[in-house]
Amino acid sequence: AAAAAPAATAPAAATAPPANQTGSGAALTTSGIVYHDPKWNSVQNEQQFFSILEASLAGHPMAPKLLVLWRDFYNNYSRAVLGSKVPGADEKLVAQVQASIADNVMLQFKDPYTFPSFHQRMITPTYSYFEFGQRYVASLTDFANSVLGHRERWDQAAAQLAAGENVVLLANHQTEADPGVFAHMLMSVHPSMAEEVVYVAGDRVVTDPMCKPFSMGRNLFCVHSKKHLNDIPEQRAAKMETNRKTLIAMQRSLNKGGMLIWIAPSGGRDRPNAEGKYIPDKFDPAAVELMRSLTARAKKPGHIYPMAMFSWPMMPPPKTIDKDIGERRITNWTPVGISLCEELDVSKVLSGINTDDKEQQQKALAEAAHRASVEEFEALQEAIFNPSKRGPGTPYTQPWSEFQTNAQFPPTRHESGLPEPTSTSSSSSASPSNNGSPAAAAATGSSSPSSSLSRNGKGRGGSLVDSLRTILPKYLPSFR
């Protein structure tokens with residue numbers, strides 16, 4: 001894997017971003033790295049890292065395969081970080097970030113965490129799984145060429161959340177690092193959105209020992225995909241029960257209001273097309289309809305926004321979709337970006353379609369959301385690779401540069417003059433307990449337009465469980 005994203009990732013008319021720039025003047029640092037197992041405290045270089053890793057895996061039946069995979073992961077991560085030339089990107093940082101990952105993976109081998117239907121991110125006074133993930137993603141992010149698109153729309157969504165309304169993001173999904181990318185792009189302007197967003201998560205991110213520690217730092221609604229329900233037949237009933245509980249948790253959360261939910265309606269990460277280009281995969285009409293239905297049934301008004309994310313060079317997904325756990329991790333130092341499309345006007349999209357033709361309605365809504373995501377993705381990609389398309393006077397800006405002056409990454413609320421979270425858990429770091437429930441995002445002063453999904457009293461007959469039982473078999477998206 002190359003140290004920086006290959007030039008081929010840029011659109012034909014664009015110029016690849018200048019190499020080895022950090023833009024904000026921020027430096028990477030190992031300050032704040034802590035371990036569950038103190039034996040990792042001595043790690044300063046590659047040799048020390050693998051000495052401890054080999055000892056930790058001694059006797060494990062998968063040790064030979066795991067060591068081969070980890071050497072590959074370490075080597076390409078090292079090339080990416082050292083090749084960035086960012087201040088602080090040195091051998092010690094590489095070794096200690098890798099040690100923090102290995103420390104968490106070893107803990108999952110010894111004491112695996114089971115995700116509930118609604119998982120709340122784990123943050124304690126002694127250990128933050130959120131910062132653990134943010135540090136790793138920051139080390140692979142070229143902030144000088146990364147962008148946040150349409151800040152005014154993010155301001156609008158934040159104001160809606162602060163008013164107790166719900167916001168659903170229909171996003172394309174490109175890498176395992178997407179939650180970290182999302183948080184870094186928003187932290188300087190909307191920290192509550194960056195931290196309190198709830199992701200709809202599929203099987204892999206809550207079962208793969210390499211993914212689980214990163215997932216533990218995020219709020220998740222956990223689902224088992226239809227394609228994996230029968231992988232282990234005796235677990236099918238339990239998986240279906242988890243899915244039922246998840247939908248109930250989603251509806252209850254939306255009824256309370258102030259919920260920001262991120263879902264990938266494509267069902268997984270984008271893969272390259274026949275020309276080798278990455279564009280948002282098609283949205284599953286059932287997944288879009290599920291979110292429209294849950295949002296419309298809620299006791300609070302709701303808003304649906306298509307969203308675009310560019311991140312695939314950071315950790316390109318495998319070209320094939322495999323059920324096996326333990327995929328190869330290739331990493332690159334690369335610019336990234338997120339951008340929000342205009343709020344989806346559901347009534348406008350569905351106008352002119354026979355109200356009895358539910359299938360056509362669902363298809364039209366999914367196509368409208370996907371079309372908006374693709375168009376915004378192309379503009380976002382252009383802004384990342386062509387400096388003339390970003391900056392003052394354009395929809396694509398770099399708000400973190402307003403706050404970072406010789407600071408360290410991951411940027412903290414304190415460095416940006418932002419308030420600290422109001423609640424954390426106080427349990428031990430080895431077995432962190434869940435943080436408080438996600439709060440509404442902070443108000444930004446932007447006005448909130450009327451909701452296109454305002455509560456209208458329709459479809460509320462019967463109990464909540466009965467309603468969800470009706471929509472569960474048909475609308476649960478197939479995550480991969």
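## Aromatic cluster and ring pairs

In this predicted model, one aromatic cluster is formed by Trp40, Phe49, Phe50, Trp70, Phe73, Tyr74, Tyr77, Phe132, Tyr136 and Phe214. The structure holds 21 aromatic pairs, a pair being two rings of Phe, Tyr or Trp (its six-membered ring) with centres within 6.5 Å; planes under 30 degrees apart count as stacked, over 60 as edge-to-face and the rest as tilted.

The pair of phenylalanine 310 and phenylalanine 385 is edge-to-face, because the ring centres are 5.6 Å apart and the planes stand at 85°. Phenylalanine 310 belongs to strand E8 (residues 302-310) and phenylalanine 385 to helix H13 (residues 358-385), so the pair ties together parts that are 75 residues apart in sequence. Both phenylalanine 310 and phenylalanine 385 are buried, that is, under 20% relative accessible area, with exposed meaning over 50% and partly exposed in between (1.4 Å probe, protein chains only).

## Packing of H1 and H2

Helix H1 (residues 46-57) packs against helix H2 (residues 63-84) at an angle of about 160°, and their axes are 11 Å apart. Axes are lines fitted to C-alpha atoms, for helices over the stretch in contact, and angles run from 0 to 180 degrees between N-to-C directions. H1 and H2 are therefore roughly antiparallel to each other; this term applies to angles over 145 degrees, whereas under 35 is roughly parallel, 65 to 115 roughly perpendicular and the rest oblique.

The contact (heavy atoms within 4.5 Å) involves Glu46, Phe49, Phe50, Leu53, Glu54 and Leu57 of H1, together with Ala63, Leu66, Leu67, Trp70, Arg71, Tyr74 and Asn75 of H2.

## Arginine 329

Arginine 329 is located in the loop between E8 and strand E9 (337-340). With a relative accessibility of 7%, arginine 329 counts as buried. Arginine 329 and leucine 69 are 260 residues apart in sequence, yet 8.2 Å apart in space, C-alpha to C-alpha. Neighbours within four places in sequence aside, arginine 329 is in contact with Asp72, Phe73, Asn76, Glu176, Asp208, Met210, Cys211 and Met315.

## Helix H6 and the whole chain

In helix H6 (residues 178-186), 9 of the 9 residues are buried, so H6 is largely enclosed by the rest of the structure. The protein has 14 helices and 11 strands, taken as DSSP runs of at least four residues (H or I) and at least two (E), numbered from the N terminus. Of its 480 residues, 57% are buried.

## Basis of the values

Residues are numbered from 1 along each chain as its sequence is written, and side-chain values use heavy atoms, without hydrogens and water. Local features need pLDDT of at least 70 and side-chain atom pairs count only at pLDDT 80 or more, while totals for chains, interfaces and linings use all residues.
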